[in-house]
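Please keep the structure open while reading.

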Amino acid sequence: MIPLSWYLILSALLFCIGVFGVLARRNAVGILMGIELMLNAVNLNLVAFWRYLTPGMIGGQVFTLIVFAVAASEAAVGLALIISIYRRRSTVVADEINLMKW
Amino acid sequence: MTVLQIVFLVTGLVTLLAGVMVVASPKLVHAALWLIVSLAGVAVLFVLLNANFLAVVQVVVYIGAIAILVIFAVMLTRRVMADSGPTHNPTWWLALLSALVLFGGLLALITQLPAFGATEAALPAADSLTDLGTSLVDVNRYLLPFEVASVLLLAALIGAMAVARPASEDEEGGA
C-alpha cells in the first residue's frame, strides 16, 4: 500500500517546481505554466487527504472541482491579458511590462 | 514493493521530471508540451487515489482546454520571443534557493502531521461519483459553491473576451 506521506512529498516537490517557474521565468506565459503546476500540486494534496482521511465525505472532491473551475478561469483571463498586452506593447516579458511599475 | 507502489513511483518520477522540464526548457512550446505530460501524470495519480471522475476532468479540463490555451498563447505571442535572449531571470538561482527553502519548510511541516504515515482508509460502499453528483445539487451541501463556480466561469468567459478584444473598434473593421 502507498502511504500518505509519498503523495504529500510528491505534491510538495511539484509545488516547489511551480514556485521556481513562477519566480525564474521571464515570459509571462511561462509564469502561468508555473501557476498551473502549483494548482495541480494542491489538487493532488486535496484528493490524497480525501482518500486517506475522510473517504466518506465528498467535500475533498468538491473542493478539487472548485479548484479546477478557478484554474480554468484564471488561465483564460490570464492568457487574455497576456495577448492584450502583447498586442499593445509587443512584449510578453514580465520585466518589460513596466507601465505601472515604479 | 507492490505493483501499485511501482506504478506510483514511475508516475511520480515522470510527473516531476516533466515539471522540471516545464520550468527549465528554453523553448516555450516544448515547455507547454512537457506541461501536458506532467498533467497526465497527475491524472494517473488521481486514478491511483480512486478519484476516477476527477481524473477524467483533469484530462478534459487541464489537458484538453488549459494546455491547448497555453499553446495558443505561446504561438500568438511569438514574434519577440523568437527563441533569442535568456528565458530566465538573471537571478534564477535566488528563485531556486527560495523554492528549496520552501520545500524544506513544507517537508518540516508535513512530517509533523499526525496523519503523515496514514494508510488508505476503506472506501464507503456507496458509489462516490453518485454522492459527488447529488452533493453538488443539494441545498444543504455544496449547491452554493457550485453556483458560485458557474457564475465565476461566466464572468471569466466574458472578461477574457472583453480583455482580449482589439483595443479600438476600427482595427477589426468596425466589428
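This is a predicted model: local features need pLDDT of at least 70, side-chain atom pairs count only at pLDDT 80 or more; totals for chains, interfaces and linings use all residues.

A residue counts as buried here when its relative accessible area is under 20%, as exposed when that value is over 50%, and as partly exposed in between. With a relative accessibility of 2%, Val22(B) is therefore placed among the buried residues.

**The interface between chain B and chain A**

- Contact between the chains involves 87 residues of chain B and 72 residues of chain A, and the area buried between them comes to about 7400 Å², of which carbon and sulfur atoms contribute 77%.
- On the side of chain B that touches chain A, at least two residues each come from α1 (3–24), α2, α3 (52–76), α4 (92–111), α5 (128–136) and α6 (143–164) of chain B.
- The residues on that side of chain B comprise 64 nonpolar, 17 polar and six charged ones.

**Arg51(A) and Asn50(B)**

- Arg51(A) belongs to helix α2 (residues 28–52) of chain A, and its relative accessible area of 5% is under the 20% limit, so Arg51(A) is buried.
- The side chain of Arg51(A) is in polar contact with the side chain of Asn50(B), at 2.9 Å.
- Setting aside neighbours within four places in sequence, Arg51(A) is in contact with Leu49(B), Asn50(B), Glu120(B), Ala121(B) and Leu123(B).
- Asn50(B) is located in the loop between α2 and α3 of chain B, and with a relative accessible area of 31% Asn50(B) is partly exposed.
- Most residues other than glycine have a negative phi. Asn50(B), although not a glycine, has a positive phi of about 65°.

- Val22(B) and Leu35(B) are 13 residues apart along the chain, and their C-alpha atoms are separated by 5.7 Å.
- Phe46(B), in helix α2 (residues 28–48) of chain B, is buried with a relative accessible area of 0%.
- Apart from neighbours within four places in sequence, the contacts of Phe46(B) are Asn43(A), Leu44(A), Val47(A) and Phe68(A) in chain A, together with Ala51(B), Leu54(B), Ala55(B) and Gln58(B) in chain B.
- Phe46(B) and Ser25(B), which are 21 residues apart in sequence, are 26 Å apart in space from C-alpha to C-alpha.
- Gln5(B) is part of helix α1 of chain B and is buried, with a relative accessible area of 11%.
- Leaving out neighbours within four places in sequence, Gln5(B) is in contact with Met1(A), Ile2(A), Pro3(A) and Trp6(A).

**The salt bridge**

- Over all chains, the rule gives a count of one salt bridge, formed by Arg141(B) with Asp131(B), whose closest N and O atoms are 3.3 Å apart.
- Arg141(B) lies in the loop between α5 and α6 of chain B and Asp131(B) in helix α5 of chain B, so the pair ties together parts that are ten residues apart in sequence.
- Arg141(B) is partly exposed at 35% relative accessibility, and Asp131(B) is likewise partly exposed, with a relative accessible area of 22%.

**Two helices of chain A**

- Helix α1 (residues 4–24) of chain A has 21 residues, which at 1.5 Å a residue should span 30 Å, and its end C-alpha atoms are 30 Å apart, in agreement with that expectation.
- Of the 21 residues of α1(A), 15 are buried, so α1(A) is largely enclosed by the rest of the structure.
- After α3(A) comes Ser90(A), which has a positive phi near 55°.

How values were computed. Residues are numbered from 1 along each chain as its sequence is written. Chains are lettered from A and ligands numbered from 1 in the order in which they are written. Side-chain values use heavy atoms; hydrogens and water are left out. Helices (H or I, at least four residues) and strands (E, at least two) are DSSP runs, numbered from the N terminus. The expected span of a helix is 1.5 Å times one less than its number of residues. Buried means under 20% relative accessible area, exposed over 50%, partly exposed in between (1.4 Å probe, protein chains only). Contact means heavy atoms within 4.5 Å. Buried area is the accessible area (1.4 Å probe) that two parts lose on being put together, summed over both. Ala, Val, Leu, Ile, Met, Phe, Trp, Tyr, Cys and Pro count as nonpolar, Asp, Glu, Lys and Arg as charged, and the others, Gly among them, as polar. A polar contact is a pair of N or O atoms within 3.5 Å; within protein, one must be able to donate a hydrogen and the other to accept it, and residues adjacent in sequence count only if both atoms are side-chain atoms. A salt bridge is a side-chain nitrogen of Lys or Arg within 4 Å of a carboxyl oxygen of Asp or Glu.
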